[in-house]
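I took the pairs one at a time.

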Amino acid sequence: QVQLVESGGGLVQPGESLRLSCAASGRIYSMQDMGWYRQAPGAQRELVAAITSGGSTNYEDSVKGRFIISRDNGKNTVYLQMNSLKPEDTAVYFCNLKRGSLDYWGKGTLVTVSS
């Protein structure tokens with residue numbers, strides 16, 4: 001089993017920044033592909049950013065240039081630095097880890113961007 005625990009969500013004003021963290025624990029034998037998803041009220045869950053075990057990154061178009069995903073392999077932790085936040089970024093953000101055909105999810109952390 002793999003456990004993912006997100007932290008760092010909260011309420012911020014438009015234009016401000018926030019950094020999310022996801023700590024992975026459990027049956028992790030090597031570096032895994034990880035990512036951040038989000039689900040806004042009434043919307044489907046969507047991929048925000050992903051980072052491979054080798055460090056390659058991919059971003060959803062709307063967050064390119066604003067968000068940065070990174071990882072600390074020694075701590076089994078992935079981060080999402082969110083800059084220039086907009087109200088449309090408001091969502092529950094979920095950490096994801098892929099191991100073969102399996103997906104592991106955190107419980108989510110709420111990010112609210114409002115003036």
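**Salt bridges and a disulfide**

I started with Asp 103 and Lys 98, whose side chains meet in a salt bridge at 2.7 Å, N to O. The model is a predicted one, so I take the distances as computed values. I then asked how accessible the two partners are. Asp 103 has a relative accessibility of 38% and counts as partly exposed. Lys 98 is also partly exposed, because its relative accessible area of 34% falls between the limits of 20% and 50%.

I noted the general point behind such pairs. Side chains of opposite charge can pair when their charged atoms come close.

Next I looked up the salt bridges of Asp 89. One of them is with Arg 38, and the closest N and O atoms are 3.0 Å apart. I checked where the two residues sit in the chain. Asp 89 is in the loop between strand E8 (77-82) and strand E9 (91-99), while Arg 38 is in strand E4 (residues 33-39). The pair links distant parts of the chain, 51 residues apart.

Are these two residues buried or exposed? Asp 89 has a relative accessible area of 1%, so I wrote it down as buried. Arg 38 is buried too, at 6%.

Asp 89 forms another salt bridge, with Arg 66, and here the closest N and O atoms are 2.8 Å apart. Arg 66 lies in the loop between strand E6 (57-59) and strand E7 (67-72). I found both Asp 89 and Arg 66 buried.

I then followed the links further. Which residues are linked in a network of salt bridges? They are Arg 38, Glu 46, Arg 66 and Asp 89. For the structure I recorded a count of five salt bridges.

Last, I turned to the cysteines. How many disulfides does a search of the whole structure find? It finds one. The disulfide is formed by Cys 22 and Cys 95, with their sulfur atoms 2.0 Å apart. Cys 22 lies in strand E3 (residues 18-26) and Cys 95 in strand E9, so the pair ties together parts that are 73 residues apart in sequence. I read -85° about the S-S bond, and the link of Cys 22 and Cys 95 is left-handed. Both cysteines, Cys 22 and Cys 95, are buried.

Notes
Residues are numbered from 1 along each chain as its sequence is written. This is a predicted model: local features need pLDDT of at least 70, side-chain atom pairs count only at pLDDT 80 or more; totals for chains, interfaces and linings use all residues. Side-chain values use heavy atoms; hydrogens and water are left out. A salt bridge is a side-chain nitrogen of Lys or Arg within 4 Å of a carboxyl oxygen of Asp or Glu. Helices (H or I, at least four residues) and strands (E, at least two) are DSSP runs, numbered from the N terminus. Buried means under 20% relative accessible area, exposed over 50%, partly exposed in between (1.4 Å probe, protein chains only). A disulfide is a pair of cysteine sulfur atoms within 2.5 Å.
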